[in-house]
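Please read it alongside the sequence and the coordinates.

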Amino acid sequence: MAGSGASRYIIVMAITSPPGDPRRRRFRRIPVRTLAPNMVTLLAMCAGLTAIRMAFESRYVLALAAIVFAAILDGIDGRLARFLKGTSRFGAELDSLSDFVNFGVAPALVLYFWGLHELKSAGWIAAMVFAICGGLRLARFNVMAEDPDRPAWASNFFVGMPAPMGAIAVLLPMYATFLGVPHSSVLIWSTLFYTLAIALLMISRLPVYSGKRVGTRVPPEMVGPVIVIVVLWIGLLIAYPWILLTLGTLAYLGSLPFGWLSYRRYQQRSREPMGEGIREGTTRETALAPPVGGSALPSSEQANRPSRLN
């Protein structure tokens, strides 16, 4: 009996881990500041999925409202993560997945249920192209964000139209119908080509001003006016949503050439110091060059030298 009791005690000691065993701490506790941005991202994804349901039920006003709400939350979660210092790789991947659902799949299905289905296969192809371009746009953004060779000023610009703005812009024909434009076959065919154009803008190399640094610092004397402007914008969006969304979309599309011009100016400024260094190097080489007629190379070799070295 004593031997069996001792053996049971030894087995229990072998199975039970000591209090300080690191195997007990497989999952470390996650701080709340990391969870908060992810909860906002999941809320935005719920809004995108709700937009798909509302479109399936032909409740297009609620569908558009859900997509706009998802776009607003998408602008909040990143700033909230940076403010709380709760950025993480998991949050970045979750944000990309949410953006693909909210601004790639949801707008494409909303447009298809709204009018593109009347064009049958052609409308479905346009919807698929937009969703696929949204996914490609987000994948390229994730890759370029980790590029160490990008200049510092390049962070002021997106490469191609960002997915949230693409989703808001591609719904312009629906805003127009709510403002009184007749729902005709001409509008549906125009919507097809317009959807393809926005999809191409999303995957294009067009530099688009990001505006990430706008609003990072607000002077104390501007706090009151900024709050008033935000409240006014929210009030106008609630009272006159289709007018505000239409004007905002048209203004954004009209501003795309100015973003390209600004990008070109940044490029020229970054090349100026390089050009000065090349000119200085050329001057030094000219000062050290042998006198005319006393070249170190034979005339036959000088004739065969590449022009870029002359």
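Helix 8 buries Leu187, Ile188, Thr191, Leu192, Tyr194, Thr195, Ile198, Ala199 and Met202. The model is predicted, and the points below are grouped by topic.

**Helix 8**
- Helix 8 runs over residues 185-203 and has 19 residues.
- From its first C-alpha to its last, helix 8 reaches 28 Å, close to the 27 Å expected at 1.5 Å a residue.
- An α-helix has 3.6 residues a turn, so residues three or four places apart point the same way.
- Among the buried residues of helix 8 are Leu187, Thr191, Thr195, Ile198 and Met202.

**Cysteines**
- The structure holds zero disulfides.
- A disulfide would be a covalent bond between the sulfur atoms of two cysteines.
- Cys46 has a relative accessible area of 45%, so this residue is partly exposed.
- Cys133 has 6% relative accessibility and therefore counts as buried.

**Nonpolar surface patch**
- Ile72, Ile76, Met222, Val226, Val230, Trp233, Ile234 and Ile238 make a nonpolar surface patch of about 690 Å².
- Two helices, helix 3 (60-84) and helix 9 (223-239), each supply at least two residues of this patch.
- The most comes from helix 9, which gives five residues to the nonpolar patch.
- Trp233, one of the patch residues, has its place in helix 9.
- The relative accessibility of Trp233 is 42%, so Trp233 counts as partly exposed.
- Patch residues must have over 30% relative accessible area, and Trp233, at 42%, is partly exposed.

Terms used:
Residues are numbered from 1 along each chain as its sequence is written. This is a predicted model: local features need pLDDT of at least 70, side-chain atom pairs count only at pLDDT 80 or more; totals for chains, interfaces and linings use all residues. Side-chain values use heavy atoms; hydrogens and water are left out. Helices (H or I, at least four residues) and strands (E, at least two) are DSSP runs, numbered from the N terminus. The expected span of a helix is 1.5 Å times one less than its number of residues. Buried means under 20% relative accessible area, exposed over 50%, partly exposed in between (1.4 Å probe, protein chains only). A disulfide is a pair of cysteine sulfur atoms within 2.5 Å. Patches are made of residues with over 30% relative accessible area and no salt bridge: like charges are joined within 9 Å, nonpolar side chains (Val, Leu, Ile, Met, Phe, Trp, Tyr) within 5 Å. Accessible areas come from the Shrake-Rupley method with a 1.4 Å probe; for residues, only the protein chains shown count as cover. A salt bridge is a side-chain nitrogen of Lys or Arg within 4 Å of a carboxyl oxygen of Asp or Glu.
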